[in-house]
Amino acid sequence: MKRTSWHLRVNSIVVAWLLALLVVTLIHPFIPWANWLLVHVLALGALSNAILIWSWHFTAALVRLSDEVVRKGQALRLVLFNVGAVAVTAGVFTGALPVVMAGGTLVAVVAGWHAVALWQRMRAALPSRFRLTIRYYIAAGALLPVGALLGMHLASSHSPAHARVVLAHALVNVLGWIGLTVIGTLVTLWPTMLRTRIADSAELAARRMLPVLLAGLLLATAAALAGSLLLTAAGLLVYLGGFLWVAAPHVEEVRRKAPVEFCTSSALAAVAWMAGSLLVMALAIGTSADWPQALSRAGLFVGPVLVGFAAQVLVGALAYLVPVVLGGGPAAVRRTTAIMGWAGPARLVVTNAGLALWLLPSPSLVKVLVSMAVLVALATTVPLMIGAAISANRAKDAPVAARPAPAASDPGSATRYRVASAAIGLAVVVLAGVGGV
């Protein structure tokens with residue numbers, strides 16, 4: 001199977017989960033466990049599948065594995081993981097505890113298998129400058145089974161420590177499984193998306209900060225389980241410090257090449273949401289009177305972390321990676337990149353301004369309309385992926401002489417387009433807010 005066909009097939013799993021998220025969002029007022037489903041369809045479904053697919057892809061590129069070796073075992077892991085994820089979702093929705101436990105166990109086993117397979121590939125490969133990225137993936141994969149076990153404990157009992165276990169479960173999965181994977185990936189993917197060389201100190205910072213990030217996460221998780229609000233907040237601040245330290249060298253790359261494309265702007269906004277959310281969440285937990293209040297305050301940041309950070313990183317990365325995987329030569333990549341970045345400034349403004357408005361005190365109808373606008377802005381990635389794939393296939397089938405030449409870019413026209421598109425996005429958010437009032 002060709003590389004393009006393989007990626008189209010496996011990434012269709014991510015698309016399927018995103019479509020399921022859209023359906024759940026539309027009908028969530030009428031179904032039980034709606035908030036749980038929204039979070040887990042995005043995190044356990046779309047984001048986790050993207051992590052399994054792309055972390056293995058980047059590892060294979062770093063250690064120079066052939067396509068046959070890359071796919072060996074991965075297809076089975078993806079099948080088993082999705083069986084487990086569907087079982088967990090269906091079990092919670094129907095109240096079937098044995099199904100939840102079986103699904104959670106399968107998810108934990110596959111995550112552990114994924115981490116071990118990454119470790120084996122790293123050990124067998126020749127030394128590589130950026131193999132530290134694989135270490136981030138291994139650490140993330142080793143943490144997901146812990147998060148799954150905490151989730152199964154929550155499903156099977158409702159102890160007095162329920163609020164503490166919920167927070168620990170969220171920290172391990174979001175900051176560990178998702179956060180470490182994203183941080184490790186952006187070390188090399190961010191300058192690649194900017195099309196500039198990586199900062200000299202980026203590798204060293206990422207290498208030194210992995211233990212710091214793990215220490216902060218483990219401190220926050222252990223403190224939550226032990227019942228210490230202040231130590232949980234301290235752990236989050238340690239994690240935030242490591243996150244900012246890893247991100248600091250990339251400021252040099254931004255100075256060299258401004259992130260004006262949709263993929264880079266989306267990733268930059270995601271990093272800002274993560275940093276801000278960690279800081280405010282640490283302060284909110286550290287100043288809480290008890291654990292129910294801490295959990296309530298922390299719950300306000302589910303949207304900023306999962307939507308502002310994780311989902312924006314996902315759509316930004318796909319906007320860059322899908323054209324590269326589809327291939328077809330420089331001209332074809334430029335065309336598919338333009339498709340993936342369609343109305344990029346408007347989508348970015350709707351996502352980020354809409355999420356900021358959603359966080360402010362406002363009537364429930366405002367929150368509903370604004371959240372729908374944000375969802376549409378993010379969900380636009382799905383039809384654009386399909387359009388990019390169709391465009392790439394047509395370009396490959398067309399005779400070379402019939403392929404259109406890339407149009408010359410006009411910097412002034414591009415700037416006017418970005419301003420107008422951003423203004424339209426802002427108008428959508430304002431109309432949603434005013435309409436809700």
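This briefing covers the nonpolar core and the salt bridges of one structure. The model is predicted. Its largest nonpolar core holds 131 residues. Its salt bridges number five.

**Nonpolar core**

- Six residues touch the most other members of the largest core: Tyr 136, Leu 175, Ile 178, Leu 180, Leu 236 and Tyr 239.
- Helix α7, residues 162–194, gives the most to this core, with 19 residues.
- Leu 236 is in contact with Leu 171, Leu 175, Gly 216, Ala 220, Leu 278, Met 281, Ala 282 and Ile 285, leaving aside neighbours within four places in sequence.

- Arg 207 pairs with Glu 203 in a salt bridge, with the closest N and O atoms 2.6 Å apart.
- Both residues lie in helix α8 (residues 202–226), four residues apart, or about one turn of the helix.
- Glu 203 is buried because its relative accessible area is 16%, and the cut-off for buried is under 20%.
- Arg 207 counts as partly exposed, at 36% relative accessibility.

**A salt-bridge network**

- Arg 197, Asp 200, Glu 252 and Arg 256 are linked in a network of salt bridges.
- Asp 200 bridges to Arg 197, with the closest N and O atoms 3.5 Å apart.
- Asp 200 counts as exposed because its relative accessibility is 59%, and exposed means over 50%.
- Arg 197 is at 48%, so it counts as partly exposed.
- Arg 256 and Glu 252 meet through their side chains at 3.0 Å, N to O.
- Both sit in helix α10 (residues 250–256), four residues apart.
- Arg 256 is partly exposed at 32% relative accessibility, and Glu 252 is partly exposed at 31%.

Terms used
Residues numbered from 1 in each chain as written. Predicted model: local features only at pLDDT ≥ 70, side-chain atom pairs only at ≥ 80, totals over all residues. Heavy atoms only, no water. Core = buried A, V, L, I, M, F, W, Y, C linked by side-chain atoms within 4.5 Å. Buried < 20%, exposed > 50% of the residue type's maximum accessible area, 1.4 Å probe, protein only. Helix = DSSP H or I, 4+ residues; strand = E, 2+ residues; numbered from the N terminus. Contact = heavy atoms within 4.5 Å. Salt bridge = Lys/Arg side-chain N within 4 Å of Asp/Glu carboxyl O.
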